[in-house]
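Q: I'm new to this one. Can you walk me through it?

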Amino acid sequence: MAAGILTRVSQALRGPRLVGAVLSGHGHTLSTAAAAAKPPAAPIDDTGETKILNFPLTQPDFFRLSELYTIKDLFEARVHLGHKKGCRHRLMEPYLFGSRLDVDILDLDQTAEHLQRALNFTAHVAYRGGIILFISRRRQFGHLVETTARECGEYAHTRYWQGGLLTNAPVQYSPGVRLPDLIIFLSTLNNVFQPHVGIRDAAKMNIPTIGVVDSNCNPSLITYPVPGNDDTPATMEMYCRLFKMTINRAKDKRRQMELLRGISASV
Amino acid sequence: MASLCKVMRNMSARYTLLPKPRVFTTLKSPYSSEVSGSTGEDAGTDDKSAERVKSGFATAYELHSDLQQQQQKGDRSASVRLSSRDETSFISLLRHSPLMQMGPAKDKIVMGKIFHIVNDDLYIDFGGKFNCVCKRPSVDGEKYQRGSRVRLRLEDLELTSRFLGATTDTTLLEADATLLGLLESRDAKPKE
């Protein structure tokens, strides 16, 4: 029960990723490593593959995620409400609009920008077939997070986090296990109001993170923080819906591009 | 009509030369030159009569806001002021939201909806960040089901307190409210 749902996908390891890791361990010079790390047998339609992978990176909003939400939607889902002034974390002060009768209010304009960046990154990771892990230690929303992950074909971990899940994965699972390529924290605190251990572990393992940071959270180690409320059920449902739609959209787009490439290659 | 026009034209000419502090034009006096400058040659009389019909403050306000928009186009404060007028911006939404208009939460009567029940505890959401938990009252106890609308008197939006030796407040993640009763309006709509 506590082991989470990380599955071992030893056969799905990408070539360059494994080769790069092995060669860097050997201490070869970078130039020879790079030359040797090129894909050994370049298939004929490699240009199509690279075009599929590189073309979305040239556009600022390839998946048109800005049409998924408006500031009014965020407002009605109560994303802007923070905790009381006494619970405020010092590093969240840039993201606050102000404080009204001791209640902190987050700036939704900044939140909208951060959310756009986070969703865009999620979409690109999902487009390239990355593994996404949802983490939330809020027991009130554990079931919601797990169903969200199931509905978009990704993974979730809403139980107790054992110490070495990421840092000691080859021992705790098996050698050659594939770690997630993106971790999304729907609440960055654990049950005792301390930062979740997964944030620090993901930073150690070079895994990018997206995190919904409330006014009492520490946004330091998170790659794409999204300042917002993480306590109201309506807000969490909105976040889950947005991430699910982003990931599904990205995967559908990838399937569509593969189909087009298949059609153009056969023609 | 022609004599009236001539009188008004003379008056406008006089105002450009010597803006006297009259009640009618006190608010417009800094802009009176520009007004007559812009409307001097074309239908000045009609314009003047139209302005005469509108009260002086209304026209002055419009002029002032137009000039403000022209002068402070790139200014940050202007964008804040303009966005508070734009109905869908965050600032204007916040300003007109019930939570802000309400003021301090102490002793305010609000409407809530029960979304979860555990034996005798009712978890009620009233639109704030947190929900409140109230005991099921002895009178009409079985009428309080999931989806019932109730009246609450708020005490606090979030129960927090700083304990000795702590750096931050400890929060209970809950609001505090007293249950007043079911919502009186009989809507004849069946409860979900």
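Q: How much of chain A counts as buried?
A: Of its 267 residues, 46% count as buried. Buried means under 20% relative accessible area, exposed means over 50%, and partly exposed is in between (1.4 Å probe, protein chains only).

Q: What should I know about the model?
A: This is a predicted model: local features need pLDDT of at least 70, side-chain atom pairs count only at pLDDT 80 or more, and totals for chains, interfaces and linings use all residues. Residues are numbered from 1 along each chain as its sequence is written, chains are lettered from A and ligands numbered from 1 in the order in which they are written, and side-chain values use heavy atoms, with hydrogens and water left out.

Q: How many helices and strands does chain A have?
A: Chain A has 9 helices and 8 strands. These are DSSP runs numbered from the N terminus: helices are H or I with at least four residues, strands are E with at least two.

Q: What does A:Glu49 pair with?
A: A:Glu49 bridges to A:Arg254, with the closest N and O atoms 3.7 Å apart. This pair links distant parts of the chain: A:Glu49 is in helix α3 (residues 46–54) of chain A and A:Arg254 in helix α9 of chain A, 205 residues apart.

Q: Is A:Arg254 buried or exposed?
A: A:Arg254 counts as buried, at 15% relative accessibility. A:Glu49 is partly exposed, at 27%.

Q: What ring does A:Arg254 lie over?
A: A:Arg254 lies over the face of A:Tyr127, 5.4 Å from the ring centre. The rule: NZ of Lys or CZ of Arg within 6 Å of the ring centre and within 35 degrees of the ring normal.

Q: And which residues cluster with A:Tyr127?
A: Ring pairs link A:Tyr127 with A:Phe55, A:Phe62 and A:Phe63. Rings of Phe, Tyr and Trp (its six-membered ring) pair if their centres lie within 6.5 Å; planes under 30 degrees apart are stacked, over 60 edge-to-face, the rest tilted.

Q: Back to salt bridges. What does A:Arg78 meet?
A: A:Arg78 meets B:Asp125, at 3.2 Å from N to O. A:Arg78 lies in the loop between α4 (71–76) and β1 (81–84) of chain A and B:Asp125 in strand β2 (residues 121–125) of chain B, so the pair joins two chains.

Notes. A salt bridge is a side-chain nitrogen of Lys or Arg within 4 Å of a carboxyl oxygen of Asp or Glu.
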